[in-house]
Amino acid sequence: MSEHSVARATIFAAILFTVSVGLGVIAVARDPAVGMEVMTLFRDQVAAQLLSDSPPVLAAKIFLNNLATCLLLFLGGASLGVVTVLVLTANGLLIGAVAELVRQQQGPLFIAAALVPHGIFEIPAFLIAGGLGLLLGQALMAEWHGAADAAAAAVPLARLFLRIVVPLLAVAAVVEAFITPAVLSMII
């Protein structure tokens with residue numbers, strides 16, 4: 001596994017995610033009711049469980065939630081990458097739909113204030129985890145064809161996950177719990 005292969009896999013994950021975000025935006029732009037349904041689901045399933053806590057508890061919950069998602073992205077590679085692709089796509093669609101609905105209601109400045117502070121850490125972590133998952137799937141396919149040892153390939157991928165993804169998620173969670181609300185309060 002080379003840095004080049006990690007970069008290529010992460011770029012592929014980024015393209016897949018970006019296309020999914022775009023499709024989510026288009027779906028809500030065409031039919032805002034779709035966005036309302038997604039927003040209701042998001043509020044009920046995610047936000048309601050997180051937003052009622054103090055910032056330190058919120059940071060811990062955000063970290064664990066994002067860590068679970070990134071682990072699913074990485075370990076989803078064991079499904080030959082199918083789960084990784086599904087998680088990238090579903091999250092992209094969700095983020096695109098919610099972002100477009102909020103943009104329609106609050107404007108683009110609100111979206112930037114809500115996403116940029118922690119997103120500069122969280123989104124790269126998410127995409128790198130997706131790239132690592134795709135590489136894990138590729139290693140399993142290579143082993144299936146007798147060309148590689150997937151277990152041996154998984155070790156450096158796991159090390160990268162621990163060295164890069166986990167710290168990015170920790171920083172993102174602290175920023176999302178402590179800084180993003182302060183930034184939002186300045187524009188509301």
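Guide: Accessible areas come from the Shrake-Rupley method with a 1.4 Å probe, and for residues only the protein chains shown count as cover. The chain has an accessible surface of about 10,000 Å², and 72% of this belongs to carbon and sulfur atoms.

Visitor: What kind of model is this, and how are residues numbered?

Guide: This is a predicted model, where local features need pLDDT of at least 70, side-chain atom pairs count only at pLDDT 80 or more, and totals for chains, interfaces and linings use all residues. Residues are numbered from 1 along each chain as its sequence is written, and side-chain values use heavy atoms, with hydrogens and water left out.

Visitor: How many helices and strands are in the chain?

Guide: Six helices and zero strands. Helices (H or I, at least four residues) and strands (E, at least two) are DSSP runs, numbered from the N terminus. The pattern along the sequence is α-α-α-α-α-α.

Visitor: What makes the chain as compact as a globular protein of that length?

Guide: The radius of gyration is taken over C-alpha atoms, and the globule rule is 2.2 Å times the number of residues to the power 0.38. The rule gives 16 Å for 188 residues; the chain has 17 Å, which is close, so the chain is as compact as a globular protein of that length.

Visitor: Why is the pair of Phe74 and Phe161 called stacked?

Guide: A search of the whole structure finds two aromatic pairs. Rings of Phe, Tyr and Trp (its six-membered ring) pair if their centres lie within 6.5 Å; planes under 30 degrees apart count as stacked, over 60 as edge-to-face and the rest as tilted. The ring centres of Phe74 and Phe161 are 5.4 Å apart and the planes are at 20 degrees, so this pair is stacked. It links distant parts of the chain: Phe74 is in helix H3 (residues 55-75) and Phe161 is in helix H6 (residues 150-187), 87 residues apart.

Visitor: How do you know that Phe74 counts as buried?

Guide: Buried means under 20% relative accessible area, exposed over 50%, partly exposed in between (1.4 Å probe, protein chains only). Phe74 has 6% relative accessibility, so Phe74 counts as buried. Phe161 has 3%, so Phe161 counts as buried too.

Visitor: Why does Glu100 count as buried?

Guide: Glu100 has 7% relative accessibility, so Glu100 counts as buried. Glu100 lies in helix H4 (residues 82-106). Leaving out residues up to four places away in sequence, Glu100 touches Val25, Val28 and Ala29. Contact means heavy atoms within 4.5 Å.
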